[in-house]
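Biologist: Could you walk me through how to read a few features of this model? I would like to take them one at a time.

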Amino acid sequence: MDSLRMAHLAPIDYAIMAVYFAAVLVVGWLLRRLMRTSTDFFLSGRSLPPWVTGLAFISANLGAQEVLGMGASGAKYGIATSHFYWVGAIPAMVFVGLFMMPFYYGSRARSVPEYLKLRFDEKTRTLNAVSFAVMTVFSSGISMYALGKLLNLLLGWSFDVSIFASALIVLAYVTLGGLTSAIYNEVLQFFLIVFGFLPLVYLGLKAVGGWSGLSTQLAAVSAARGFPADAYTHAWRTMGDASQNPIGVEWFGLVMGLGFVLSFGYWCTDFLVVQRAMAADSMTAARRTPLIAALPKMFFPFLVILPGMIALVLGGAHAGGQGLIPAKIDASGHTVLDYDLATPMLLIRLFPTGMLGLGLTALLASFMSGMAGNVTAFNTVWTYDIYQAHIRKGASDAHYLWMGRVATVAGIVLAIAAAYVANAFNNIMDMLQLVFAFVNAPLFATFFLGMFWRRSTGHGAFWGLLSGTLGAAVHHGLTLPAGGSIGIKGGYLGILHTYPSELAQTFWTAITAWTTCMVVTIIVSLLTRPRPDEELKGLVYALTPRPRDTERHFWQRPVTLGVIVLVMTLMLNFVFF
Amino acid sequence: MSQASALDLRLPIGGLFTAIGLLVGGYGLATNGDAMYERSLAVNINLWWGLVMLVVGVIMLTMGWRATREHHPASALPAESTPEGLETERREHRKGLEH
């Protein structure tokens with residue numbers, strides 16, 4: 001493999017990586033003495049200030065797949081990829097902070113599934129806990145697999161060594177210092193990712209003649225691909241018609257599918273991110289967590305999407321590739337662009353020895369923050385919502401603390417196993433991700449009804465979730481993206497409709513799932529007996545006193561922060577309209 | 001409630017950035033004018049970005065070190081075991097946001 005490697009590292013590059021590894025391990029080591037109770041280990045003793053939990057909130061989501069995937073999408077779809085942030089993240093983050101956090105934090109639930117137990121019943125909680133636990137294991141496995149492949153391709157490192165070394169480091173600092181260690185390191189990794197990628201964007205823009213140079217060159221690419229000249233550099237202008245933009249979706253599908261169902265389903269219900277806010281030291285701090293996270297988040301498109309767009313036009317194409325992006329042969333034998341390499345290729349092209357070490361360390365940091373996020377969410381849900389609820393009730397706190405550490409080891413071992421499964425059967429992983437999408441899509445309907453409609457019942461929630469997932473599968477089975485063949489892409493129940501792109505199909509699958517879950521939950525709830533109001537205090541909007549903000553200054557209040565975040569996001573949309 | 005004072009997060013971040021800043025900046029200084037900087041468009045990105053990271057690292061270290069000293073006056077009990085200590089922590093959290 002040695003001759004195939006694309007970059008060479010010098011001792012200085014390895015020294016930078018070593019310093020980073022030492023830093024994350026030292027943090028875990030220093031925090032180990034603080035892990036006295038299970039609350040310390042799983043919830044950081046609810047003691048962290050909001051700027052820490054806020055940065056961890058986005059960092060846990062900023063895995064390697066996000067960094068590489070957003071670069072890839074930047075090259076595929078252009079600046080419209082920022083919809084994943086400005087439409088697909090920020091509004092939901094404001095909503096969870098202002099309206100949902102009072103129930104998550106205020107109910108003293110220790111996890112998102114536990115909220116479902118308090119609000120609905122045991123079976124709804126278990127359904128959510130089990131699917132969530134399986135998903136965290138597989139998604140860290142998939143991301144580990146992607147990392148191992150990438151390091152092997154770029155540096156010629158062994159797939160096994162890459163996987164085991166990075167997993168071992170995450171294992172060490174999470175087992176030692178629990179959630180606090182994961183969160184502290186996520187903040188550290190956040191800074192490292194920002195400082196690793198900022199100079200890349202600076203040099204990249206300089207190389208293509210700034211934004212105007214990039215626009216001119218992308219206009220040519222856009223025209224060659226059959227879109228209007230401004231399709232790659234304007235986020236909204238070509239969204240009126242699905243055939244006029246590279247995403248292949250019109251504004252309604254985008255706003256409803258991505259902006260509403262998928263985005264709210266992820267940011268408002270996924271324990272991976274909500275857990276960070278639950279570790280905050282007060283209700284106000286918990287509510288401010290996603291809002292503080294939204295401030296840097298809205299500028300991430302410039303950090304992670306721009307490199308992909310630049311890689312598309314910067315010269316030096318390999319045979320069959322475009323810009324810096326090489327070609328590959330896909331599963332069906334066609335030659336396609338290997339978009340996932342867009343950001344790494346730009347890194348190698350522009351960074352000299354030294355900065356190259358920093359850039360790769362930033363990539364490793366993003367991988368580790370994503371992995372630690374999954375692992376800490378997994379060990380908590382396993383210990384509280386599965387082990388304590390079903391396997392061993394009423395044990396001592398020390399026992400659950402011990403179980404948390406065991407679950408951390410087990411979760412990482414399972415994730416490594418999943419990475420090897422991914423390596424062996426690529427299609428199995430695609431299928432699993434599809435199933436996860438089916439499971440996730442209806443979730444927001446359940447939480448929304450649970451928090452804002454006191455009449456909704458446990459039976460309603462449970463059957464709503466199941467039928468939402470089924471609805472997603474049926475919609476996917478009846479449709480196909482343009483050019484796709486029957487199977488993993490859909491159409492296995494017959495083809496009723498063909499979408500212009502896979503993303504459009506995904507958005508509409510999510511919309512179907514959400515609507516099904518909403519309707520079924522309402523119908524079943526009306527047919528079953530509701531819980532008395534007494535039991536729902538603190539769990540439902542109408543029966544909970546409004547949280548009073550204790551902050552002295554108006555600009556520290558969650559509502560003020562939320563308005564600022566939304567106005568700034570709106571302005572970004574106009575700038576890149 | 002003792003964790004924020006037990007390890008100020010700015011210390012490890014500051015330490016990491018100071019170390020990386022010295023490494024990258026020092027390497028940039030040593031290799032100034034090297035042919036490899038053609039890749040980075042004739043900018044000695046190692047030197048400049050190393051300096052930026054060094055400055056950021058030192059600022060973080062200073063802030064973290066000051067806050068830690070405020071928490072643990074040399075003669076007193078561990079800060080978290082006194083009411084004043086708890087109060088200082090609370091104030092510290094609020095301050096943390098402004099940085």
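Biologist: Which helix does A:Ala445 lie in?

Modeller: Helices here are DSSP runs (H or I, at least four residues; strands are E, at least two), numbered from the N terminus. A:Ala445 belongs to helix α19 of chain A, residues 443-452. Bear in mind that this is a predicted model, where local features need pLDDT of at least 70, side-chain atom pairs count only at pLDDT 80 or more, and totals for chains, interfaces and linings use all residues. Residues are numbered from 1 along each chain as its sequence is written, while chains are lettered from A and ligands numbered from 1 in the order in which they are written.

Biologist: Is A:Ala445 buried or exposed?

Modeller: We count other C-beta atoms, placed from the backbone, within 10 Å: 20 or more is buried, 12 or fewer exposed, and in between partly exposed. A:Ala445 has 28, so A:Ala445 is buried.

Biologist: Which residues is A:Ala445 in contact with, leaving aside its neighbours within four places in sequence?

Modeller: A contact means that two C-beta atoms, placed from the backbone, lie within 7 Å. On that basis A:Ala445 touches A:Gly464, A:Gly468, A:Trp514, A:Cys517, A:Met518 and A:Thr521. As for A:Met100, 345 residues apart along the chain, its C-alpha atom is 13 Å from that of A:Ala445.

Biologist: What does the domain assignment of chain A give?

Modeller: The bounds come from an automatic or database assignment. For chain A, domain 1 is 50-171 + 185-424 + 547-575 and domain 2 is 438-544. Their centres, taken over C-alpha atoms, are 23 Å apart. In the contact between them, 30 residues of domain 1 meet 24 of domain 2. On the domain 1 side, α11(A) gives the most, with ten residues.

Biologist: How do the residues of that side of domain 1 divide by class?

Modeller: Ala, Val, Leu, Ile, Met, Phe, Trp, Tyr, Cys and Pro count as nonpolar, Asp, Glu, Lys and Arg as charged, and the others, Gly among them, as polar. Here there are 17 nonpolar, ten polar and three charged residues.

Biologist: And how many residues of chain A are in contact with chain B?

Modeller: Chain A brings 37 residues, against 29 from chain B. The elements giving two or more residues to the chain A side are α1 (11-31), α3, α9 (159-207) and α16 (355-391). By class, that side has 29 nonpolar, six polar and two charged residues.
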